[in-house]
Amino acid sequence: MSDTNDPIAIAPATIAEWLDAGDVVLVDVRETKEYDLEHIAGALLMPLSSLEADLFPAVEGKPLVLHCAIGKRSAAAARMLLKAGHEKV
C-alpha cells in the first residue's frame, strides 16, 4: 500500500489474506467481458476505460487493491486515483 504516486506490487498470497480478513477493497480494472469470464470473488468491477478518478467514491478505513491481467492497467488506475487524492491505493 502506498501513499505516494508510485503504486507498488503486492504478492497474490498477501492480497488473498487481506481479502479473506476483509482488510481491503479489491477493484478489478479489466473490461466487463474479461470480468464476466473470470474474476476473483469479492472483487468490484471498475474498468480502467471508464474510471474517473475524481468521481471515484472515497473508501474509508480500508486500502484499495487494484488488479488486472498483467498489472499495466491496475498501475495506471492506481496512479490516477493517487493523483486525484485517494489514499491507501
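Predicted model: local features only at pLDDT ≥ 70, side-chain atom pairs only at ≥ 80, totals over all residues.

Guide: Residues are numbered from 1 along each chain as its sequence is written, and side-chain values use heavy atoms, with hydrogens and water left out.

Visitor: Which element gives the most to the lining of the largest pocket?

Guide: Helix H1 (12-21), strand E3 (64-67) and helix H3 (72-83) each supply at least two residues of that lining. Helices (H or I, at least four residues) and strands (E, at least two) are DSSP runs, numbered from the N terminus. The most, five residues, comes from H1.

Visitor: How many charged residues does the lining of the largest pocket have?

Guide: Asp, Glu, Lys and Arg count as charged, Ala, Val, Leu, Ile, Met, Phe, Trp, Tyr, Cys and Pro as nonpolar, and the others, Gly among them, as polar. The lining has 22 nonpolar and three polar residues. The number of charged residues is: no charged residues.

Visitor: Is arginine 30 buried or exposed?

Guide: Arginine 30 lies in the loop between strand E1 (25-28) and helix H2 (32-37). Buried means under 20% relative accessible area, exposed over 50%, and partly exposed in between (1.4 Å probe, protein chains only). Because its relative accessible area is 11%, arginine 30 is buried.

Visitor: Which backbone oxygen does the side chain of arginine 30 reach?

Guide: The distance to that oxygen is 2.6 Å. The backbone oxygen belongs to glutamate 38.

Technical notes: Polar contact = N/O pair within 3.5 Å; in protein donor to acceptor, adjacent residues only side chain to side chain.
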